[in-house]
Amino acid sequence: MGEILAKQGESFTYLPVVRVVELIEWKPRSAGGGIVSRSVMTESMENVASRMGIVPNDKFEFINKAGNELIETHQIYGINLAADGRWSFLPMKKSNLKIARKWFMKATSIKLSNGNPAPLFFKTWNFGSFLDSGNNNEWFNWQIKDGEFIQDRPDFQKLFDASVKLLEAVKSGQAVGDVRGDEPVDDEVM
């Protein structure tokens, strides 16, 4: 979308519906840039790289024989409650993965009263940012805080129905996040 959803220190309310972990192969900008391939991951990045004979470089980047970078990306599809309930997705890669994994473990640990796992869209979350740092660099990273359970919202039924519809669209392949423009910058520092 290319729009700012929240300024530094602010957050926006998001109802995640489904997470899709993808392996995206990017051609370097210096070679014309863009997506070479994209597929759903069913195993760890380390296993994929090992099977392909790729060893990560000193920046922990996985570069194949063609010179393209392979990047594990978590696409979080959901309903942006700050944008009138629009379907959207949040791609998380590289430095975002630690946060994405930690949040996903927390979100999927929620249980229903019968003991079964709750669907991802059982709860809203407040997405914001914070200034992260490492290796003498700084960047903005995701900050995800607890929101409210959707059954406590007055628009519960509308959100539930929209979530089921989005889940079906993602699973069927009708809804696919457009990650063009999110390609890594050559010599990107993370």
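**Before you start**

This is a predicted model: local features need pLDDT of at least 70, side-chain atom pairs count only at pLDDT 80 or more, and totals for chains, interfaces and linings use all residues. Residues are numbered from 1 along each chain as its sequence is written, and side-chain values use heavy atoms, with hydrogens and water left out.

**Stop 1: the whole chain**

Show the cartoon. The chain has 3 helices and 7 strands; helices (H or I, at least four residues) and strands (E, at least two) are DSSP runs, numbered from the N terminus. Follow the elements from the N terminus: β-β-α-β-β-β-α-β-β-α. Along its principal axes the C-alpha trace spans about 50 × 35 × 30 Å.

The radius of gyration, taken over C-alpha atoms, is compared with a globule rule of 2.2 Å times the number of residues to the power 0.38. For 190 residues a compact globule would have a value near 16 Å; the chain has 18 Å, which agrees.

Now colour by accessibility. Buried means under 20% relative accessible area, exposed over 50%, and partly exposed in between (1.4 Å probe, protein chains only). Buried residues make up 39% of the 190 in the chain.

**Stop 2: helix H3**

Select residues 156-172, which form helix H3. The expected span of a helix is 1.5 Å times one less than its number of residues. For the 17 residues of H3 that gives 24 Å, and the end C-alpha atoms are 24 Å apart, which agrees.

Which residues of H3 are buried? Pick Leu159, Ser163, Leu166, Ala169 and Val170. Look down the axis of H3: the buried residues fall within an arc of 130°, so they line one face of the helix. The arc is that of the directions from the helix axis to the C-beta atoms. An α-helix has 3.6 residues a turn, so residues three or four places apart point the same way.

Just after H3, Gly173 takes a positive phi of about 85°.

**Stop 3: two loop residues**

Go to Phe60, in the loop between helix H1 (45-52) and strand E3 (62-63). Phe60 is not a glycine, yet its phi is positive, about 60°. Phe60 is exposed, at 51% relative accessible area.

Next, Asp84 in the loop between E4 and E5. Asp84 has a positive phi of about 55° although it is not a glycine. Asp84 is exposed too, with 80% relative accessibility.

**Stop 4: salt bridges**

A salt bridge is a side-chain nitrogen of Lys or Arg within 4 Å of a carboxyl oxygen of Asp or Glu. By this rule there are 9 salt bridges.

- Glu72 and Arg101 form a salt bridge at 2.9 Å, N to O. Glu72 lies in E4 and Arg101 in helix H2 (residues 97-108), so the pair ties together parts 29 residues apart in sequence. Glu72 is buried at 11%; Arg101 is partly exposed at 38%.
- Asp146 and Lys123 meet at 2.6 Å, N to O. Asp146 sits in strand E7 (residues 137-149) and Lys123 in strand E6 (residues 123-134), 23 residues apart. Lys123 is buried at 10%.
- Glu148 and Arg153 pair at 3.0 Å, N to O. Finally, select Glu61, Glu69 and Lys94, which salt bridges with shared partners join into one network.
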